[in-house]
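I opened this notebook to keep track of what I looked up, beginning with the aromatic rings and going on to the elements around them.

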Amino acid sequence: MIGGSDRDTQLASMERWADWAPAITREEYAARLGKARMLMAREGVCALVINAGSSLRYFTGVTWGQTERLVALLLPASGKPRIVCPAFERGSLEAELRIEADLLLWEEDEDPVRLLTDVLPKGGTVAIDPLLPFGQAGRIASAHGAAVDASPVIDGCRMYKSPAELALMQQAKAMTLDVHRAAARILAPGIRASEVIRFIDEAHREMGAGGSYFCAVQFGKATAYPHGLPIDQELEEDQIVLIDTGCRIEGYHSDITRTYAFGKVSDEERAVWDLEKAAQAAAFAAVRPGVPCEEIDGAARKVLEEAGLGPNYRLPGLPHRTGHGIGLAIHEPAYLVRGDRTPLAPGMCFSNEPMIVCPNRFGIRLEDHFFVTDEGAQWFTEPQPAIDQPFD
């Protein structure tokens with residue numbers, strides 16, 4: 001149903017998620033370190049340096065983001081991992097740490113980079129997280145003498161989700177789809193985009209997700225801009241509505257877009273919506289283990305180009321990649337885009353969102369996510385059925 005209900009009624013209907021997916025276990029964290037070491041051996045590196053952020057969370061359970069104070073994991077090829085951390089943060093670190101590690105604690109007047117480089121294994125090559133700040137990475141490389149990008153090791157672990165990760169992502173996406181349903185019910189002429197955004201955040205909180213990770217609400221002409229316009233629109237009768245939002249469960253993301261009619265829309269808008277759905281379906285159907293990522297983008301573009309859109313990134317058409325990897329980061333490798341020849345493999349997770357933009361008029365984006373199986377692809381959430389029916 002689109003419209004016809006007030007926000008308080010809809011918020012009251014949102015309940016904390018009953019079937020909560022289990023958190024990642026200590027055993028799984030240990031297995032991740034083991035796989036990283038296997039990949040380190042393949043890459044010929046003696047140590048791995050991981051910066052604070054989603055990769056640190058992946059390997060240690062520590063949820064901290066990057067700040068000016070260095071917090072990092074040092075994983076040698078053998079021996080106990082080490083965590084570099086400000087001394088005054090020790091208690092907070094130990095409360096989140098899910099691996100066995102020695103702590104390298106530094107005081108505010110000490111140099112944490114030097115503390116780290118002093119304990120790096122001698123000789124060999126160190127692999128450095130590409131998200132470590134340039135200055136710190138440069139000093140580590142200079143002190144050690146040989147350094148490489150750690151992406152093959154990091155991505156070689158994080159791209160392939162375990163059953164536990166898939167369960168957390170499934171929960172996040174199912175919760176967000178329920179929030180989408182509730183948001184559609186509160187739409188009414190004159191409602192502001194900011195009101196819808198606030199409702200979506202509150203609804204995610206009611207379900208236990210801790211609020212929206214992000215939210216975009218666009219009406220009418222603003223849908224022609226993939227990330228919207230910096231204005232607080234008011235919804236009018238007979239407009240296209242585009243809502244893109246997501247949340248996080250134990251750090252794992254959802255990211256779902258629905259585009260639908262509020263009232264009557266033009267025959268052209270309906271035709272473009274149908275074409276968008278066909279492109280999304282073609283991308284999904286092209287997924288097979290071993291197929292390069294770029295071929296999924298190509299499958300979606302072929303549908304659009306045969307209909308006279310594009311080619312390439314020309315508008316009207318698809319102005320960006322067909323999809324992105326997702327997990328502890330909302331956008332992470334690999335990518336469904338020309339030039340990314342990473343072979344698809346079971347456990348990889350992607351968005352599928354080959355948006356069609358008609359400049360200065362409207363845009364249609366349908367976004368659902370899938371994971372790769374031994375046979376092909378499986379949806380986390382079922383795609384939108386029709387322009388007048390955003391949900392099953």
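For this predicted model, I took rings of Phe, Tyr and Trp (its six-membered ring) to pair if their centres lie within 6.5 Å. On that basis I found eight aromatic pairs in the structure.

I looked up Y58 and F59, which form an edge-to-face pair with 4.9 Å centre to centre and 90 degrees between the planes. Both Y58 and F59 are buried, and R32 lies over the face of Y58 at 4.0 Å from the ring centre.

I then turned to F284 and F370, another edge-to-face pair, at 6.1 Å centre to centre and with 85 degrees between the planes. Because F284 belongs to helix α10 and F370 to strand β17, this pair ties together parts that are 86 residues apart in sequence. I noted that F370 counts as buried, at 0% relative accessibility, and that ring pairs link F284, F350, F370 and W379 into a cluster.

The buried residues of α10 include W273, A279 and F284.

β14 pairs with β17 in the antiparallel sense over four bridges, and S351 stands opposite H369 in β17.

Last, I checked the largest nonpolar core, which has 71 residues, and there L48, L73, V196 and I200 touch the most other members. Helix α8 (residues 163-185) gives the most to this core, with 10 residues. Apart from this core lies another, of 32 residues, with A279 among them.

Terms used. Residues numbered from 1 in each chain as written. Predicted model: local features only at pLDDT ≥ 70, side-chain atom pairs only at ≥ 80, totals over all residues. Heavy atoms only, no water. Buried < 20%, exposed > 50% of the residue type's maximum accessible area, 1.4 Å probe, protein only. Helix = DSSP H or I, 4+ residues; strand = E, 2+ residues; numbered from the N terminus. Core = buried A, V, L, I, M, F, W, Y, C linked by side-chain atoms within 4.5 Å. Pairing = 2+ DSSP bridges. Phe/Tyr/Trp six-rings, centres within 6.5 Å; stacked < 30°, edge-to-face > 60°. Lys NZ or Arg CZ within 6 Å of the ring centre and 35° of its normal.
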